[in-house]
Amino acid sequence: MRASVHIALPKLTKGGSDVRAKEICKPLGLSVRGLGGEHTPIGEDGTVDISPSKRFCISESEIVVALYKGIKLVKEAEDKE
């Protein structure tokens, strides 16, 4: 199962690169993708697709909790940039 959130991270994706966003998300167990999925560009406004990296043997509630906690920390990092 997979769930994701589209979120604008203009500071973490400055210059059209998602490298900084991925650096923050990877230790949190989250994946960063473009708006159309893997190997697609991020949105012009810095919008990315974020989802838990884990796909198997994870319950729906674990997915929601991982997204909630991860997005909260990513948003805090965005605000600090």
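Reader: Which exposed residues does the face of α2 turned away from its buried side carry?
Author: This is a predicted model, so take what follows as computed from it. That face of α2 carries Ser61, Val64, Tyr68, Lys69, Asp79 and Lys80.

Reader: And which residues of α2 are buried?
Author: Ile63, Leu67, Gly70, Ile71, Val74, Ala77 and Glu78. They cover an arc of only 120 degrees around the axis, so they sit on the same side of α2.

Reader: What covers the buried residues of α2?
Author: The cover includes β1 (5-8), α1, β2 and β3.

Reader: How far apart are the end C-alpha atoms of α2?
Author: They are 30 Å apart. The 21 residues of α2 should span 30 Å at 1.5 Å a residue, so the two values agree.

Reader: Now the core. Which residues touch the most other members of the largest nonpolar core?
Author: Leu9, Val48, Ile50 and Val74, out of 14 residues in that core. At least two core residues come from each of α1, β2 (30-33), β3 (47-52) and α2 (60-80).

Reader: What does valine 74 touch?
Author: Leaving out residues up to four places away in sequence, valine 74 touches Leu9, Leu12, Ile24, Cys25, Leu28 and Ile50.

Reader: Cys25 is on that list. Where is the place of cysteine 25?
Author: Cysteine 25 is in helix α1, which covers residues 19-25.

Reader: Is cysteine 25 buried or exposed?
Author: Buried, because its relative accessibility is 0%. The cut-off for buried is under 20%.

Reader: What does cysteine 25 touch?
Author: Leu30, Val32, Ile50 and Val74, again not counting residues up to four places away in sequence. Take Ile50: its C-alpha is 8.4 Å from that of cysteine 25, and the two residues are 25 apart along the chain.

Reader: Where is cysteine 57 found?
Author: In the loop between β3 and α2. Cysteine 57 is exposed, with a relative accessible area of 76%.

Reader: What about the phi of cysteine 57?
Author: Positive, about 60 degrees, although cysteine 57 is not a glycine.

Reader: On to charges. How many salt bridges does the count come to?
Author: Six.

Reader: Which residues are linked in a network of salt bridges?
Author: Arg20, Glu23 and Glu81. The arginine 20 and glutamate 23 side chains meet at 3.4 Å, N to O. Arginine 20 also forms a salt bridge with glutamate 81, where the closest N and O atoms are 3.3 Å apart.

Reader: Which parts does the pair of glutamate 81 and arginine 20 tie together?
Author: Glutamate 81 lies in the segment after α2 and arginine 20 in helix α1, so the pair ties together parts 61 residues apart in sequence.

Reader: And where do arginine 20 and glutamate 23 lie?
Author: Both are in helix α1, three residues apart, or about one turn of the helix. An α-helix has 3.6 residues a turn, so residues three or four places apart point the same way.

Reader: What is the relative accessible area of arginine 20?
Author: It is 35%, so arginine 20 is partly exposed. Glutamate 23 counts as partly exposed at 48%. Glutamate 81 is also partly exposed, at 44%.

Reader: Back to α2. How do the side chains of lysine 75 and aspartate 79 meet?
Author: In a salt bridge, 3.4 Å from N to O. Lysine 75 and aspartate 79 lie four residues apart in helix α2, about one turn. Lysine 75 is partly exposed, with a relative accessible area of 37%.

Reader: How far apart in space are alanine 8 and lysine 75?
Author: They are 9.3 Å apart, C-alpha to C-alpha, and 67 residues apart in sequence.

Reader: Where is the place of alanine 8?
Author: Alanine 8 is in strand β1. Its relative accessible area is 35%, so alanine 8 is partly exposed.

Reader: Last one. Which residues is alanine 8 in contact with?
Author: Asp45, Gly46 and Thr47, leaving aside neighbours within four places in sequence.

Terms used:
Residues numbered from 1 in each chain as written. Predicted model: local features only at pLDDT ≥ 70, side-chain atom pairs only at ≥ 80, totals over all residues. Heavy atoms only, no water. Buried < 20%, exposed > 50% of the residue type's maximum accessible area, 1.4 Å probe, protein only. Contact = heavy atoms within 4.5 Å. Core = buried A, V, L, I, M, F, W, Y, C linked by side-chain atoms within 4.5 Å. Expected span 1.5 Å × (residues − 1). Arc of directions from axis to C-beta. Salt bridge = Lys/Arg side-chain N within 4 Å of Asp/Glu carboxyl O.
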